[in-house]
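Hi,

Here is the structure I promised to pass on.

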Amino acid sequence: MFVLSLLLAATTPIASAGSSLRDSGLSPSWAEAYRKADTAVAKLSLDDKVGLVTPHENPCTGNTSPAQAIGYPSLCLKDSPLGITDANGNATAFTPGIMAGSTWDVNLIRQRGEFLGEESKAAGINAQLGPVAGALGKIAHAGRNWEGFSVDPYLQGIAVAHTVEGMQGAGVQAVTKHFIANEQELNRETISSNVNDRVIHELYLWPFADAVHSNTAAVMCSYNKLNSTWACEDDHSLNGLLKTELGFQGYVIADWGAQHSTEKSALSGLDMASPRYGLWGANLTTAVSTGKVPVERLNDMVRRILASWYFLNQDENYPPVNITAAVRGSHEENVRAVARDGIVLLRNKGNILPLSKPSSLAVIGSASVPNPDGYNSCGERACNKGALGMGWGSGTADYPYFVSPHDAIKQRASGEGTTVILSATDDPVEGAKAAQGKDAAIVVITSDSGEEYITVEGNHGDRNNLDPWHQGNELVTAVAAENPNTIVVIHSVGPIILEKILDSPGVKAIVWAGLPSSESGNALVDILYGETSPSGKLPYTIARNESDYPAMIVTTDNDDFVEGLYIDYRHFDAKEIVPRYEFGYGLSYTSFDYSNIQANSTARAGPASGEVIPGGRADLWGDVATVTCTVTNNGSVAGAEVVQLYISMPSTAPEAPPRQLRGFAKLRLEPGGSEMAVFKLRRRDLSFWDVSSQEWVLPDGSFGVFLGASSRDIRLTGSISTTTPVYA
């Protein structure tokens with residue numbers, strides 16, 4: 001949690017990765033918002049109240065009924081986490097969450113949220129359906145992992161917090177989703193995620209706590225069941241975990257079609273209905289009139305919805321709904337910056353990159369050019385034709401434009417006298433032919449996924465396997481056999497197995513370019529030609545074999561989460577499995593030296609006991625330890641390094657993963673430059689969830705501290721200890 005001033009400019013050092021402006025600079029406070037809401041509720045009729053909690057689907061993704069008695073408009077809720085849908089090219093298609101996560105840059109992530117909020121407000125949208133704190137990614141194949149930021153709950157939580165604060169700082173309600181343990185697409189509307197109490201707290205609830213601490217206005221409950229109860233009518237998770245334990249002040253809305261009852265969902269904590277299936281409306285009116293749902297519960301639903309509206313000052317001169325308003329501004333700058341700084345350089349043999357005015361290049365692969373049918377020809381990106389900028393489903397947005405890898409490379413090359421040969425096919429023979437005799441060959445390959453209601457090339461949302469699509473392995477192998485300077489560019493929703501590609505001696509570089517949205521080619525050229533040194537780090541682990549991952553898609557209606565706390569790198573570390581590229585890995589065009597670790601602690605062992613504020617007990621969010629180190633750029637070019645802090649728990653704690661991410665700092669350094677990274681560890685960062693006491697407990701003893709360039713490239717080690725234990 002690197003502590004510097006919270007600046008939005010991408011050129012400044014990163015702000016505190018763990019800092020969260022709980023009040024977000026907003027006024028009125030929740031208390032004032034609730035005072036206004038209480039006054040308003042007293043003026044509403046039963047029909048008004050039911051209208052406020054029962055949205056329909058026109059003209060926005062969801063619209064509530066207006067309430068003239070209090071000047072409340074039809075609340076507009078709109079997809080998606082990436083931008084405004086149905087905007088006719090007038091809104092920005094921001095980079096997917098996983099690309100933002102791979103920047104490890106809270107300034108860019110926060111700015112991305114702010115710009116999304118600005119566009120939504122200008123279009124009159126009250127609530128934007130994002131960000132994604134669920135889909136943590138325990139299953140590498142899962143279809144919607146790319147909508148979230150990382151498989152690590154800490155990184156996911158920090159990114160979610162800054163996104164919420166960015167969006168709501170611009171005046172738009174963030175609808176954080178999908179609550180909770182929504183980890184695959186297959187059978188998503190019938191499957192039960194069976195998760196024990198400690199795991200739910202330490203992994204799947206963790207990023208939602210960050211969202212609540214950042215005052216997210218709303219939370220969307222998910223399709224799946226949690227421990228055999230539908231997520232949108234689960235009293236334990238909605239009323240217990242979310243509203244009581246985390247002190248959530250906003251409202252809970254059901255995902256579209258995720259509601260299954262009238263009375264039970266109302267009594268279990270749902271505040272706004274799914275716009276589909278008509279389970280509230282007249283049915284809720286009857287339930288209240290007959291006493292099956294107490295009027296106090298209906299009033300609480302309305303109070304929460306109105307409080308979020310007042311909290312964001314949406315009662316004051318809010319723009320009218322205009323979904324196709326021209327709202328993009330210069331926000332493509334953030335798209336390019338995130339796409340560029342999220343690129344992870346995996347291999348660079350012989351320092352083939354950056355390119356230096358080659359006389360000839362071959363650009364190969366159907367993914368190197370835009371979809372020949374048009375970059376928005378597939379609704380909700382429901383195909384994998386041409387260049388890949390995002391997955392498919394409701395979490396997408398139309399591209400206002402699209403710069404493909406070939407477009408950008410050709411433009412750059414034309415100014416340097418480089419001849420560029422294009423082979424926009426995935427045929428290995430044609431690709432190999434194009435690569436012959438060129439100074440270098442750039443091969444672009446993909447792997448795609450999305451939501452379960454769309455099937456793309458036989459993949460029903462989740463990926464069938466972790467191989468590249470469209471003969472990607474064969475294409476790279478054939479090209480590399482003909483050209484000893486082959487550069488592989490990968491656009492993928494998540495990890496793919498790279499072993500066949502790595503076995504090709506001609507593959508000199510692998511550029512993991514993720515999901516870059518509309519600035520794909522420009523961001524890629526920035527890295528390929530060294531305009532910017534690569535600084536992205538993997539937000540997940542790339543394994544050597546699919547079977548190395550701890551969890552697979554479950555084909556029954558019960559997923560027992562048997563991997564427990566051991567997802568992604570936690571599993572690889574605990575089982576001593578060597579990954580191909582570990583979590584947090586990424587190369588640079590320069591090198592960095594780490595030195596002078598210092599660590600101190602004022603932490604007292606024992607359970608958290610503070611008052612409940614948004615996010616949980618207040619003392620969980622207080623700083624209890626500080627770790628610092630010095631990082632020096634000892635190369636010849638400017639670059640940015642993501643310093644990562646991992647901790648190990650004392651022996652007095654219950655079984656835990658060997659290391660867990662608990663801080664990161666992205667430092668931008670000129671050649672020879674040094675800077676101190678300062679990490680502030682909060683009480684929650686050093687605590688485990690104690691099932692017996694139902695509290696977060698900070699254990700007594702010595703914590704291992706590990707600072708490094710990845711989860712396995714540890715450069716410095718130290719320890720911090722608790723003071724005299726104090727138990728309540």
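P131 sits in the loop between β3 (127–128) and α5 (153–169), and a cis peptide bond with an omega of about 10 degrees joins G130 to P131. Helices here are DSSP runs of H or I with at least four residues, strands are runs of E with at least two, and both are numbered from the N terminus. There is another cis bond between F179 and I180, with omega at about 20 degrees; I180 is in the loop between β4 (173–179) and β5 (192–193).

Before the rest, some ground rules. This is a predicted model, so local features need pLDDT of at least 70 and side-chain atom pairs count only at pLDDT 80 or more, while totals for chains, interfaces and linings use all residues. Residues are numbered from 1 along each chain as its sequence is written, and side-chain values use heavy atoms, with hydrogens and water left out.

N317 is in the loop between α11 and α12 (332–341), and E576 is in the loop between α18 and β17 (592–601). N317 is exposed, with a relative accessible area of 80%, and E576 is exposed at 68%. For these labels, buried means under 20% relative accessible area, exposed means over 50%, and partly exposed is in between (1.4 Å probe, protein chains only).

Now helix α13 (residues 405–414). Its residues P405, H406, A408, I409 and A413 are buried. Seen down the axis of α13, these fall within an arc of 165 degrees, so they line one face of the helix; the arc is taken from the directions from the helix axis to the C-beta atoms. As background, an α-helix has 3.6 residues a turn, so residues three or four places apart point the same way. The face of α13 turned away from the buried side carries the exposed residues K410, Q411 and S414. And what covers the buried residues? The cover includes β11 (360–364), β12 (419–423), β13 (440–447), β14 (486–492) and α17 (520–528). Contact here means heavy atoms within 4.5 Å.

α13 and α17 pack at an angle of about 50 degrees, with their axes 7 Å apart. That makes α13 oblique to α17. Axes are lines fitted to C-alpha atoms, for helices over the stretch in contact, and angles run from 0 to 180 degrees between N-to-C directions. Under 35 degrees counts as roughly parallel, over 145 as roughly antiparallel, 65 to 115 as roughly perpendicular, and the rest as oblique. On the α13 side, P405, A408, I409 and R412 meet S520, G521, N522, L524, V525 and L528 of α17. Those contact residues divide into 6 nonpolar, 3 polar and 1 charged. (Ala, Val, Leu, Ile, Met, Phe, Trp, Tyr, Cys and Pro count as nonpolar, Asp, Glu, Lys and Arg as charged, and the others, Gly among them, as polar.)

Helix α14 (residues 428–435) and α15 (472–482) pack at about 30 degrees, with axes 8 Å apart. That makes α14 roughly parallel to α15. Here P428, G431, A432 and A435 in α14 meet E474, L475, A478, V479 and E482 in α15, and the contact divides into 6 nonpolar, 1 polar and 2 charged residues.

Finally, a few single residues. G450 is found in the loop between β13 and α15, and G450 is buried, with a relative accessible area of 0%. G450 touches G143, R144, W146, E185, W392, G461 and D462, not counting residues up to four places away in sequence.

G240 is in helix α8 (residues 235–245) and counts as partly exposed at 27% relative accessibility.

Cheers
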